[in-house]
Amino acid sequence: MSDADASETSGKFGEYGGQYVPEALMPAISELDDAYRRYVLDNEDGFMDDFRARLRDFGGRPTPLQHAETLSSRYGFDVYLKREDLLHGGAHKLNNALGQVLLAKYMGKERIIAETGAGQHGTATAMAAAHLDMDCEVFMGERDINRQRPNVFRMRLNGAELNPVSTGSGTLKEATNEAMREWATTVEDTHYVIGSVVGPHPFPTMVRDFQSVIGTEAKRQAEEQIGGLPDSVVACAGGGSNTMGAFDAFVDDDTVSLVAVEAGGSGLKIDEEEGLAPNSASLSIGEEGVLHGARTKLLQNQDGQILESHSVSAGLDYAGVGPELADLVDDDRVQAVSVDDDAALEAFHRLSRTEGIIPALETSHALAYLEDAEDLGENVVVNVSGRGDKDLESVVEETEKRDIDGAPSMGVFE
Amino acid sequence: MSAIHAAFEDTDAALVPYITAGDPTPDATAAQVRALAAGGADVIELGLPFSEPIADGPTIQNAIQRALDAGMTPDRFLDLVSGLDVDVPLVCMTYFNLIYQYGDDRGIEPFVEAAADAGLAGLIVPDLPVEESDALKAACDAHGLDLVFIVAPTTRGERLERVLERVSGFVYVQARLGTTGARADVSDQTHDSLARLAEADVPRAVGFGVSKGEHAREIVAAGAEGVVAGSVFVDIIAEKGTDAADELETTARELKEGAVAGVAPRPERT
């Protein structure tokens, strides 16, 4: 993994990455980079041992790699589900949140802030902060608050303060802007827990490292269950933390195809006039640019103004993507594909009905890709990044707008 | 000496106002700039609006949104600057992505060249720390533009040295942690920052939270060569819309007089 090794020192992934942040944040980012090297890379004070023990006892790791029987017979290849939905909190997000909150504690910080889109990162951060006795404040767009209400209650129950963000479209992009501003004001005693493999170095590298437990476990479990490597690993990609977490252990295994499934929304296009993209497919149709501290692939107009993105899934609804994923796509190591809102909803219902697992709408994109995929091979690992309980209100609403094959009547809720 | 540096040398204490170009309409900006110059501005910062202004507080975020809604773009911004007939050096404050995307080919050179052709004297890029600035600095040098860097209360030691090696025109001293916006008082951090920058060989202008003549007086009395004020002017435009020129001029004059009043007690610079 030559690029990734280099990134531990430079924060660059080919042309991508870097540290494009206000001057006031640079000392904090240097301090974080130093702490990342000492505690995460060098296991100083036994940090990584502490982290792994907490992931096990508090988080419930390892999560299973489950053979999905119905899906396997439907597709004619063996589908293995990496069950991150069974991690404490119901999504992979805890791997990173617990790592960063623990790191902040080792660094002597007193307070945690975080941005959240779907609320999964916010809830994971709130849980980790409560577990480690840290103050926690979460920034969340108003539109996302309305479509992810259960997570709002969960964050409050864990003692986090919730800060609604009303600017722009009221989604993850605006929440991230606001969290960065708050960090610039309180940087001396506060750590900003970025929820994905985005942002300035060292975040993309560090978040990947905390999430890489997903692929590391899956690789060992695949060895036990199928006697070798899978042929493909499929994961949804918004910012890309579950994606990089699932892929990282396999990047050097050339026989394993890595497929990042983006949110195609209602169409893979950009509307320059309206300043929006009805999708969140920055790997598929984005152009290189700088947003939120890093150079990466972005949904932007000709001038470089960032576009409003869209997805039925709040957790994928973001105009950027992790710089390492952008580089892996340019290198043809990761294949970027997309799935639209309709197909994701169908996959949501399919997994719920046929496998007894209600997946997150984010995950549903990865599952939907199996319908049309070719050449995934005999053994396919799909990362079930989270469970869908948080999405039920959205799913009821969105299902009623559509004619989805096999979806149950939602009228009972009226 | 660059035009910006010279503008500081030509006055006892410089006033550097900021407004967002295109707020509330692209046509309103020229009159606003003339009013600020008439009120005593020595250098004027013109914001080129970017959709994700992470270094700005709510006042300037709203101005940026108004300007974007009214149709301000990088091309219109440069046309506007070309058409201005003021005697005051103009600095463009914008975020890196707009510079990077300008022109048909991605890269910083086309913007810097167009900025110099339009008559801009310098650039301030609040999301471009010195570590990422090699290419932009080289392009600015090649086209005779100053690249102004912000020094925060947290900028110290080796990083401060690197900023000071590279900065030209003036150094923008961020008075306190946080984002832009008017505040009630002058921060203690200002005094510390000015002391750390005593050896700088460019003028020091203090900004972030400067809204009154009294602030300007205190900052200059603490040793600064100038003050930067933005939100106070942007607030006037938010209230008066296209009819803001008179009040901009009055407020600029008040701040300029405050700054100059701070000169007498100012300590000798070592």
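Glu45(B) is in contact (heavy atoms within 4.5 Å) with Val16(B), Pro17(B), Tyr18(B), Ile19(B), Val91(B), Met93(B), Ile124(B), Phe170(B), Tyr172(B) and Val228(B), leaving aside neighbours within four places in sequence. This is a predicted model, in which local features need pLDDT of at least 70, side-chain atom pairs count only at pLDDT 80 or more, and totals for chains, interfaces and linings use all residues. Residues are numbered from 1 along each chain as its sequence is written, chains are lettered from A and ligands numbered from 1 in the order in which they are written, and side-chain values use heavy atoms, with hydrogens and water left out.

Glu45(B) lies in strand E2 (residues 44–47) of chain B; helices (H or I, at least four residues) and strands (E, at least two) are DSSP runs, numbered from the N terminus. Glu45(B) counts as buried because its relative accessibility is 0%, where buried means under 20% relative accessible area, exposed over 50%, and partly exposed in between (1.4 Å probe, protein chains only). An unreviewed UniProt entry lists Glu45(B) and Asp56(B) under "active site". Glu45(B) and Asp56(B) are both in the lining of the second largest cavity. On a 1 Å grid over the protein atoms alone, a cavity is a set of points where a 1.4 Å probe fits but cannot get out, and lining residues have an atom within 4 Å of a point. UniProt positions are given in the numbering used here, feature names are shortened, and annotations may be inferred rather than shown by experiment.

Asp56(B) is in the loop between E2 and helix H3 (58–69) of chain B. With a relative accessible area of 5%, Asp56(B) is buried. Not counting residues up to four places away in sequence, Asp56(B) touches Gln61(B), Ile64(B), Tyr95(B), Thr179(B) and Thr180(B), and also Arg181(A) from the other chain.

Strand E2 belongs to an open sheet of nine strands in chain B, ordered E5-E4-E3-E2-E1-E9-E8-E7-E6 with parallel pairing. Two strands pair if DSSP finds at least two bridges between them. At the edges are strand E5 (146–148) and strand E6 (150–151) of chain B, each of which pairs on one side only. E2(B) runs parallel to strand E3 (residues 90–93) of chain B, and four bridges join them. Within this pair, Leu46(B) stands opposite Cys92(B) in E3(B). In a regular strand the side chains alternate between the two faces of the sheet.

Leu46(B) is also among the residues touched by Thr29(B), along with Ile19(B), Ala21(B), Gly22(B), Asp23(B) and Leu80(B), not counting residues up to four places away in sequence. Thr29(B) lies in helix H2 (residues 29–38) of chain B and is buried, at 0% relative accessibility.

Further along chain B, helix H10 (residues 213–221) has Gly213(B), His215(B), Ala216(B), Ile219(B), Val220(B) and Ala221(B) buried. These buried residues of H10(B) pack against helix H9 (188–196), strand E8 (204–207), strand E9 (226–229) and helix H12 (245–261) of chain B. After H10(B) comes Gly223(B), with a positive phi near 120 degrees.

The next topic is the interface. Here 34 residues of chain B are in contact with 35 residues of chain A. The two chains bury about 2800 Å² between them, 50% of it on carbon and sulfur atoms; buried area is the accessible area (1.4 Å probe) that two parts lose on being put together, summed over both. Glu52(B), Ile54(B) and Glu132(B) supply 22% of the area that chain B buries against chain A, more than any other three residues.

Four salt bridges cross the interface of chain B and chain A, a salt bridge being a side-chain nitrogen of Lys or Arg within 4 Å of a carboxyl oxygen of Asp or Glu. Side chains of opposite charge can pair when their charged atoms come close. Glu132(B) meets Lys12(A) in a salt bridge (3.0 Å, N to O). Glu23(A), Glu131(B), Arg159(B) and Arg162(B) are linked in a network of salt bridges.

Within chain A, Arg54(A) forms a salt bridge with Asp50(A), the closest N and O atoms being 2.7 Å apart. Both lie in helix H3 (residues 47–57) of chain A, four residues apart, about one turn of the helix. An α-helix has 3.6 residues a turn, so residues three or four places apart point the same way. Arg54(A) is partly exposed, with a relative accessible area of 25%.

Methods: On a 1 Å grid over the protein atoms alone, a cavity is a set of points where a 1.4 Å probe fits but cannot get out, and a pocket is an open set with protein on both sides within 12 Å along at least five of seven lines; lining residues have an atom within 4 Å of a point.
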